[in-house]
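Colleague: I'm new to this one. Can you walk me through it?
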Amino acid sequence: MKFRLNWEIAYSLLLARWKQTLVAAIGVTFSITMFIALLGFMTGLNDLLDGLILNRTPHIKFFNEIKPSKVQPIDLSEKLKSSFNFIESVKPNTERVEIYNVSAIMSALSKDKRVLGIAPKITTQVFYNVGAIDITGVINGIEVEQENKLFFFSDYVVQGNYIDLKNIPNSIILGKAAADKMLTKVGDVVQVTSAKGERIQLKVVGFFQSGLQDLDKVQSYASIATTQKLLGQTSSYITDVQVKLKDLNLAPELAKYYGSLFNVDTEDLQTVNSQFETGTRVRTLISYTVGITLLIVAGFGIYNILNMMIYEKMDSIAILKATGFSGKDVNNIFITISLSIGVFGGVFGLLFGYLISKLIDQIPFVTSALPTISTYPVNYNPMYYFIGVTFAIITTYFAGFFPARKASKIDPVIIIRGK
Amino acid sequence: MSKIILQAENINKFFHNPLPFHVLKEINFTITRGEFVSVIGKSGCGKSTLLYILSTMDTDFQGTLKIDGTNISGKTENELALIRNEKIGFVFQFHYLLNEFSVLKNVMLPALKLGKYSEEEIEHRAIEKLKIFGIEKHALKKANQISGGEKQRVAIARALINDPLIIMGDEPSGNLDKHNSQIVFEIFQRLAKEFHQTLLIVTHDPEFSAGTDRVMEMDDGRIIRQ
Ligand SMILES: Nc1ncnc2c1ncn2[C@@H]1O[C@H](COP(=O)(O)OP(=O)(O)O)[C@@H](O)[C@H]1O
Ligand SMILES: [Mg+2]
């Protein structure tokens, strides 16, 4: 009852000044629209750019780095144990890049509840033999289905069907740029030479485009079995184990744990790509700054309107107080006015923000670097809409706070005496 | 049986701006239920100042003020607002109607605030009050669409809506022409005679004061006759 009455009074004061009120509300609408559109667009871009890296990067990679042994034979000698031993020009002696005991690592990881999935891989240097010349390249031997599940492999296969890699023996999916260089079509056969000189004929079943030109010039994919055959290795030969976690923040910790458990080298995502977060953060920051700046400007608009309203409605405030409305009622009335402008403007802001997002979403954005994208990316995360109205309400509340307090403190005696 | 509605004991008030000024001096009086009291005195003698104190809008004074038996000193702003709402009706020189609202709604507002009756009942009561003054036909007009005399009658109806213990008026006909002030004057007479409404009206019209039960005369901040 009491709230309704205050609301009713607020509403009629609002209507009495509907033009100014509308302008104030449009200010809020505009800033929320910009906020939503900007944030949606910026985070859409963020997700896209992060996705470029995140989608295809394992959270943890287990591998065996070629490096000289830390423990040299001299260190094992009992006699020389207490002395300092200097050895110059130490070189690694074995070429073994395969991970020892892969099956144990894989089974341990697959039992870990924090692990989302595992994909073994073989990376090896090759030469593509094109006529008289050889082009250097890298073949990734992959477990096709796992690779697709964890790293969205099929998204980047721009020609041919990715699953042929598994179904057709001795097949290869070439990097698009490499294929262009070799003038190869899908269905052709290319000859590949391993680093050890083994030659093998592979059937091209598709092209791969990652969006990173340098990568596409060298990278190709084959099945693990095909790669093992090329290298003349047994089926236990695996050079990398890639892991995706349910929570990527755990990567450094788990990498360390399993690394020391299995005595194998590890790399975690955070260490490899420490810079990608920076860009994301800057873009998000810009969007928030612009949105909030606009809101504050709109807030000042509301502040002005309310101040003006209070000067105009001095008499009304005085008589309300004289007839029994308390300072708190008057305060509530003006806060209600302010919040109504905020909510009204904010809701329309959300709507227009959504429409502009939709519009941006329609604008074609075709680039060979990003084969999976055809229009500008937009993020419709409801969180931004929620933050948008919350900000609108908070700002308008503060814009109304001081005028409302001033109105509540008006002394009716002074006003009435002034007449 | 004559119940004391308003009691002022040793009320003193000072203004400090621009110079210390003793505006009300040792004010003592009581008003009992059903009395029609007028306050007269030269301009500047402190009549309005006294009325603002009696109405609880001005709490910056010395002495004791009892309304309906309760001492108002030390009451919070909210409590005073409630007392004004429930027990006191005002009519000022200026009507102070809210132009955003209809005549009817203006009359209803203090009752809606009090919340003692349902909205339908309040509306019904408001129309009854307007009928007393023959202005119910304007009920749905906006407050700024009626004449000055009518506005003042609406203001009186508004003062009556919560059936207050006392109605206070500060030169309620001061802004009106002869004809309209006559109407207002007759309204107060009727309220006193027919409805036994307690009234305390400041006026400078000798004809008006002559028609009241009791005349209080003020001079230089003192009551010199009551
Ligand atoms: N706020 C104020 N500050 C200082 N002096 C005031 C103030 N209000 C009124 N006065 C003075 O107090 C005296 C009484 O004023 P008021 O009660 O309005 O007189 P009345 O209503 O009898 O004409 C006048 O001399 C006036 O100048
Ligand atoms: Mg006066």
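Colleague: Which residues have the most contacts inside the largest nonpolar core?
Modeller: In this predicted model, they are F334(A), I337(A), L6(B), F29(B), F188(B) and L200(B). The core has 118 residues. A nonpolar core here is a set of buried Ala, Val, Leu, Ile, Met, Phe, Trp, Tyr and Cys residues joined through side-chain atoms within 4.5 Å. Buried means under 20% relative accessible area, exposed over 50%, and partly exposed in between, with a 1.4 Å probe and protein chains only.

Colleague: Which helix gives this core its largest share?
Modeller: Helix α15 of chain A, residues 382-409, with eight residues. Helices are DSSP runs of H or I with at least four residues, strands are runs of E with at least two, and both are numbered from the N terminus.

Colleague: What is F334(A) in contact with, leaving aside neighbours within four places in sequence?
Modeller: L13(A), L306(A), M309(A), I310(A), I317(A), A404(A) and A407(A). Contact means heavy atoms within 4.5 Å.

Colleague: Which residues does the second core include?
Modeller: V102(A), V115(A), A251(A) and V264(A) are among them. That core is separate and has 21 residues.

Colleague: What do the buried residues of α5(A) pack against?
Modeller: β2 (115-130), β3 (133-142), α6 (164-167), β8 (219-223) and β9 (240-245) of chain A. Those buried residues are V144(A), E147(A), N148(A), L150(A) and F151(A). After α5(A) comes F152(A), with a positive phi near 50 degrees.

Colleague: New topic. How many residues does each chain put into the contact?
Modeller: Chain A gives 29 residues and chain B gives 25. The area buried between them is about 2,500 Å², and carbon and sulfur atoms give 64% of it. Buried area is the accessible area (1.4 Å probe) that two parts lose on being put together, summed over both.

Colleague: How many salt bridges cross that interface?
Modeller: Four. A salt bridge is a side-chain nitrogen of Lys or Arg within 4 Å of a carboxyl oxygen of Asp or Glu. K105(B) and E8(A) form one, at 2.1 Å from N to O.

Colleague: Which helices of chain A supply at least two residues each to the side that touches chain B?
Modeller: α1 (2-16), α13 (314-322), α14 (327-362) and α16 (412-418). The largest share, eight residues, comes from α1(A).

Colleague: How many salt bridges are there over all chains?
Modeller: The search finds 23. One pairs K42(B) with D219(B), with the closest N and O atoms 3.4 Å apart. K42(B) is in the loop between β3 (36-41) and α1 (47-54) of chain B and D219(B) is in strand β9 (residues 214-219), so the pair ties together parts 177 residues apart in sequence. K42(B) is exposed, at 58% relative accessible area. D219(B) is partly exposed, at 32%.

Colleague: What about R190(B) and E194(B), where do they lie?
Modeller: Both lie in helix α6 (residues 178-195) of chain B, four residues apart, about one turn of the helix. E194(B) is partly exposed at 48%, and R190(B) is partly exposed at 34%.

Colleague: Which residues do shared partners join into one network?
Modeller: R4(A), E8(A), K105(B) and E119(B), through salt bridges.

Technical notes: Residues numbered from 1 in each chain as written. Chains lettered and ligands numbered in written order. Predicted model: local features only at pLDDT ≥ 70, side-chain atom pairs only at ≥ 80, totals over all residues. Heavy atoms only, no water.
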